[in-house]
Amino acid sequence: MTTTASRPLSYTQNMEDYHLALALGGVQAGFYIDVGGGHPIADNVSMWFYERGWRGLVVEPQAPLAGLYRHVRPRDIVHVGLVGEQSGEAVFHMFPRLHGLSTMSPQNAEGSTVHGDAYETVRMPVTTLSALCEAHGVTAIDFLKVDVEGAEADVLAGNDWSRYRPAVVVVEAIAPGTNAPSHAAWEPILLAAGYSFRLDDTLNRFYVADERPDVLERLPDTRAPWDAVTHMYEIGRAPENAAHPDHALAVALTRAFWASLPGLDPGLLADLLARAGRDALATGDLGSDAFRAALGRIACGYDGGQIT
C-alpha cells in the first residue's frame, strides 16, 4: 500500500515491517511466523507482507482478534492458543480493551492495570514453536516475529533451531510497563543457535541467521528515518481524512450503511450498539415503532427520501 505522498504505509509501532522489507524485499510470496499477531492490521508486523502476496502462520491467543484474520487475511494459518517452552497448559491474562497488554506473566498483568483496563485470567493450551511448524508442514521461514509481553524466552526456547531457521528473527526487547531492556533473558538462545544481532530499533532487536549474509547486509544496523514511511496514525480514520488511501471507499460505504439502517437485522443492530460502547436497551426496544422511526429519520438523508 502506498499513500498519496508515495511513501509506503507502515502498519507497525516502530517501522518493524519497513526494516524487514529492506532485508527481505526481494522475496516473492514469502512465509512468516507472527507470534503475538494481535489485530490483523493495526500495529501488525506481518500485514505489510500479506498485502504483497505473502502468507504465514499467526499465533494469537485472544479469540476476538484471531477471528478477524479469516475475514481480513484468509491466506494465513491462525493458531488460537499460547506458544511456550513445552506443550501443556498455562494461565493467560487477557485485557479486553488494551489487548496488547495481554500476557502470561501475572506480574506484568498486574503492573499493566495502571493503564486503565482490567484483565481476565483463563487457562489455555500451550504448544511449542517447533510443534506448530511440524503440524503445519512449515519449511522455509523468511522471518519470525515474537511479541508476547514477557514470555519471549519461552517462545524461543521451544523452537528446534536446527530444523526451523527463519532468515530474520525480530523480538520485542523491552519489559512491559518499565520499558527496561529485556533481551538478556533470551538473546543467548539466538546467539547459540547461530544468529547474529543486527539492529536495535529501541523497541525490538533484529537477528539474522549466520547462513544468510545477504540478508544481514541489506538489514540496516540503525533505524531508518521516521519519515521514510507513512505511519498508521498519520492517515487517521478513512471517512474523516481525504488523504487516507481508502477515503473514497469509506465514504461510499458509510452512505450505503446509513441508507440500509431500516433493513438491518435487530440482532446486528444490537451488536453494533454494543460495539459502540452503548447499552442497546438504553435506546429502547429495538423492535418498537419509535426505534424504527429513529432509524428511518437517520436513513432518509441517504436513501433518497430526503435530498440534501
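**View 1. Strand S2 and strand S8 (residues 143-146) run parallel, joined by four bridges.** Across this pairing, Tyr32 stands opposite Phe143 in S8. The structure is a predicted model, in which local features need pLDDT of at least 70 and side-chain atom pairs count only at pLDDT 80 or more, while totals for chains, interfaces and linings use all residues. Residues are numbered from 1 along each chain as its sequence is written, and side-chain values use heavy atoms, with hydrogens and water left out. Strands (E, at least two residues) and helices (H or I, at least four) are DSSP runs numbered from the N terminus, and two strands pair if DSSP finds at least two bridges between them.

**View 2. Strand S2 (residues 31-35) also pairs with strand S3 (residues 55-59), in the parallel sense over five bridges.** Here Phe31 has Arg55 in S3 as its bridge partner. Is S2 buried (under 20% relative accessible area) or exposed (over 50%; partly exposed in between; 1.4 Å probe, protein chains only)? Five of its five residues are buried. Phe31, Ile33 and Val35 lie on one side of S2, with Tyr32 and Asp34 on the other. In a regular strand, side chains alternate between the two faces of the sheet.

**View 3. Seven strands make an open, mixed sheet in the order S4-S3-S2-S8-S9-S11-S10.** Strand S4 (77-79) and strand S10 (195-200) each have a single partner strand, so one side of each has no neighbour in the sheet. From one strand to the next, the twist averages 15 degrees, with axes fitted to C-alpha atoms (for helices over the stretch in contact) and angles from 0 to 180 degrees between N-to-C directions.

**View 4. The largest nonpolar core has 30 residues.** Such a core is a set of buried Ala, Val, Leu, Ile, Met, Phe, Trp, Tyr and Cys residues joined through side-chain atoms within 4.5 Å. Helix H1 supplies its largest share, five residues. Leu24 is one of those with the most contacts inside the core; among the residues in contact with Leu24 (heavy atoms within 4.5 Å) are Trp54, Phe143 and Val168.

**View 5. Helix H12 (residues 289-299) has three names to find on its buried side: Phe291, Leu295 and Ala299.** They cover an arc of only 75 degrees around the axis (from directions to the C-beta atoms), which puts them on the same side of H12. On the other side, Asp289, Ala290 and Arg297 are exposed.

Technical notes
Lists of a residue's contacts leave out its neighbours within four places in sequence.
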